[in-house]
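Look at the model shown here before reading on. The paragraphs below go from charged pairs to a hairpin and then to the domains.

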Amino acid sequence: TRVNQVVSHLVQAIRSKDGCFSSIERQSAGSYYERVKISEPNEFDIMLVMPVPRIQLDESDDTGAYYYVSFKRNPKEKWLLKFVDEDGKLSAFKMLEALRKIIKQEVKNIKDEEVTVARKKAGSPAITLQIKNPPSEISVDIILTLEVQQSWPLSTQDGLKIGQWLGTKARRDFRFRSLYLVAKQNKREKVLRGNTWRVSFSHIEKDMINNHGNSKTCCESDGPKCCRKGCLKLLKYLLEQLKMKYPKELEKFCSYHVKTAFLHSCVTWPNDSDWHLGNLDHCFQQCLGFFVDCLQKSQLPHFFIPQYNLFSLEDKARHHFLSRQISHELNNRFPVFHE
């Protein structure tokens, strides 16, 4: 609720400023809102979603995930033009800077909370707020997101293989939903100019995780219960615990990696009968086995963009390190959970 109050205050302020961001809507993303957080929530992700007119997307590399955004013709939304760089590309950097400036001004007007804007982290797309919460802090990542009503890029054509699991109709419906782009630096770019955007499917992921059954009644009040969410929670918790134990070695891993492996597991075992509530233990170990396999091969394809490997091959040693840690946990009944 405290986070909500702070964010609502900011959203109102952002909207009332000079028309730039007047159509912004907030959307919650990430584990807290998928109800799969285990520990005390002290980190929140809030997407500030901004509808934009039709755009042209040009791939910025071979991942199929990062794009340059430009306008086919001058948009009616004239204010968008001031964020276009000299190459005619919509600059994520310029937009973030403008938003950051408004937010920095505005947090001073929040009377009943101590809110500060964290210093920029290189390559991070987020504007991070810190809310004093003695004895600790709550951090809120604000992620600038463009929403476009147009078909998904070609690189997604063979992704989202949920036909056996959620059905082909669900897949078709998902693919008609709008496309999200987040202001995200592409690390692989030689020159970091801050004008790349990464496609994001967090709204679809949230839906799949919340309506996860092969049968429509899975986990409804009168329907059979499954352990899918329980598995995802445990996977995330395990990674969190290991990251706390080996922060340096595991800094490149994030919860999105386990979430992706989990979604692939749902496709591998599509039936609700594969996920009986009483089989949590077994299912969790099965998901982990799948993830360890990915680590050993250094291959974790993006769930929506199969050509995009979320594990970069130069990190092989790190993948092997994590796979050894997980195997150790698996074989010794998860000592890290009891530390």
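Ten salt bridges are counted, a salt bridge being a side-chain nitrogen of Lys or Arg within 4 Å of a carboxyl oxygen of Asp or Glu. One of them joins the side chains of Lys120 and Glu97, with 3.1 Å from N to O. Lys120 sits in the loop between strand 5 (115–117) and strand 6 (126–133), while Glu97 belongs to helix 2 (residues 92–107), so the pair ties together parts that are 23 residues apart in sequence. Helices (H or I, at least four residues) and strands (E, at least two) are DSSP runs, numbered from the N terminus.

This is a predicted model, in which local features need pLDDT of at least 70 and side-chain atom pairs count only at pLDDT 80 or more, while totals for chains, interfaces and linings use all residues. Residues are numbered from 1 along each chain as its sequence is written, and side-chain values use heavy atoms, with hydrogens and water left out.

Strand 3 (residues 55–59) and strand 4 (residues 66–71) run antiparallel and are joined by five bridges; two strands pair if DSSP finds at least two bridges between them. Glu59 has Tyr67 of strand 4 as its bridge partner. Six residues lie between the two strands of this hairpin, and Gly64 takes a positive phi near 80 degrees.

Now to the whole protein. It is divided into domain 1 (2–201) and domain 2 (218–337), with bounds that come from an automatic or database domain assignment. Contact between the domains takes 25 residues from domain 1 and 22 residues from domain 2, where contact means heavy atoms within 4.5 Å. The centres of the two domains, taken over C-alpha atoms, are 26 Å apart.

How much area is buried between domain 1 and domain 2? The value is about 2000 Å², and carbon and sulfur atoms give 63% of it. Buried area is the accessible area (1.4 Å probe) that two parts lose on being put together, summed over both. Across this interface the rule finds zero salt bridges.
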